[in-house]
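Trainee: Could we go through this model together, beginning with a single residue?

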Amino acid sequence: MKIESLLADLESGDAARVDAAAAELTEQADSVVPTLLRGLAGVQRTADLEPVMRVLRLVGPPAFDALLEAWGRKEVTDWQAGRLLGVFDERSADQYAALAADPNYGRSGNGFQGLLRLRTDSEAGLRALVQSHARGRLIPYKASDYARLLHEPFRPRLRSLRRDPAASPRIRRGAMAALVAGGGADALDDRDRAAIERLIRVKIPHETPRLPSSTLSGWWMAVPGASYEGVFEALDLHDRRPVTVTAGVQAAESQEIRLPGPDGAGHTVGRAFVTPELDGWRLVFGPFDLLVGDPWDGMIETVERVSVHCGQAQFFFLDDAGGSDVWIVAENGRVIRQYAAESDPEWEGDPLPWETLAVDDPDFAPEYDEVPANAGTAGARSACGSLSVDPGEVGPDTAVRGHGWLALTAPGVGHGAFPGMFPI
């Protein structure tokens, strides 16, 4: 019987014809599946893959293997393989685990996607997770999601593997990384947490700080190094821990988490990073929505509140896509100078000593140009270097004192609630 006739019977809606076609396709899978896959040349729409998907789903594990072979021969594209690999059921759970363990990043990502979809709790899945983290390179797509989904059942087994003298050092490191990927640093046992803390203390004095780029968008605050302690109370930050700059930046840029509240309503928690003292200043990075809130009034209220606790505070906000460029300086609870530009720049307060005013520009022509008397020429990217520290210029020549702090925006959460990274 021709393949086209079998496919037509599958779509007929006649139970007897469907059952007969399914039995025939399964029996002839060794020849039918490769033929169908070779016929996909040039297919670029998911709708056009659906007849093949139905056959693959019906045949199961043998079709899985045939698909991988065709993919390896480049008879199907990466895009087609990704779509087709999403159709298999629990019968192919071990095959997904084997694919997840593949050292090829693109192939292993499809394996983890299947394990995640099937919610597969298996030793094979755990081994694939450990191996992917043991390689120490880019973590495959969906591997971290799989680690979080199965963290509770995997945690005791990963801890045991971490202490298994028969396991290689590489595998034990992979188990440790998988634990952190699923449950954060608090998923580690006391021995490993102590080792991490020692490593942090060792790395901090020798680290060359690199801060986030403000290209396209970004925000940060600056406070005097001598009075920075006030920032924790001002921003209501909790459970601070010493951290390297590398880990602090990564944590501050990572996603917030949503946790259930005592009244049934959820609340969002994020992490803020307070840098070491850099040329006399400490910078603060973190989730804008949790630390600041309102895009304009929140900036003013926040910088004034922080300046009450720290004596002075500076706020910088950049959004190249939206055209926003803002810097604000407050002292003892009051804004003394601010610049805001979206279309037309606006200034408030007296010019600061370092500012070059618009009227002092050599190209300024008073008979043609009209600007406010206090109009300056510096946006946030140039103002930050004159006011405190330019994040983009922080590097080997920056005078560094002390260490950075990683803190949470809510109490009683614990750093272990944030999976996915080593705190170093």
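Trainee: At 38% relative accessibility, what does D239 count as?

Mentor: D239 counts as partly exposed, because its relative accessibility is 38%. Buried means under 20% relative accessible area, exposed over 50%, and partly exposed in between, with a 1.4 Å probe and protein chains only. Please note that this is a predicted model, in which local features need pLDDT of at least 70 and side-chain atom pairs count only at pLDDT 80 or more, while totals for chains, interfaces and linings use all residues. Residues are numbered from 1 along each chain as its sequence is written, and side-chain values use heavy atoms, leaving out hydrogens and water.

Trainee: Where does D239 lie, and what is its phi?

Mentor: D239 lies in strand β2. Its phi is positive, about 50 degrees, although D239 is not a glycine. Strands (E, at least two residues) and helices (H or I, at least four) are DSSP runs, numbered from the N terminus.

Trainee: And R119, where is its place?

Mentor: R119 is in the loop between α8 (105-118) and α9. Phi of R119 is near 55 degrees, again a positive value in a residue other than glycine. R119 counts as exposed because its relative accessibility is 57%.

Trainee: At what angle do α9 and α11 pack?

Mentor: Helix α9 (residues 123-134) packs on helix α11 (residues 151-162) at about 60 degrees, and their axes are 11 Å apart. That makes α9 oblique to α11. Angles under 35 degrees count as roughly parallel, over 145 as roughly antiparallel, 65 to 115 as roughly perpendicular, and the rest as oblique. The axes are lines fitted to C-alpha atoms over the stretch in contact, and angles run from 0 to 180 degrees between N-to-C directions.

Trainee: Which residues meet there?

Mentor: From α9, E123, G125, L126, L129 and V130 meet F154, R157, L158 and L161 of α11. Contact means heavy atoms within 4.5 Å.

Trainee: How do α5 and α7 pack?

Mentor: The angle between helix α5 (residues 61-72) and helix α7 (residues 93-100) is about 25 degrees, with axes 9 Å apart. That makes α5 roughly parallel to α7. Here P61, F64, D65 and L68 of α5 meet Q95, Y96 and L99 of α7.

Trainee: Next, α15: which of its residues are buried?

Mentor: In helix α15 (residues 245-253), the buried residues are V245, A247, G248, V249, A251 and A252. What covers them includes β2 (238-243), β5 (271-274), β7 (281-285) and β13 (404-408).
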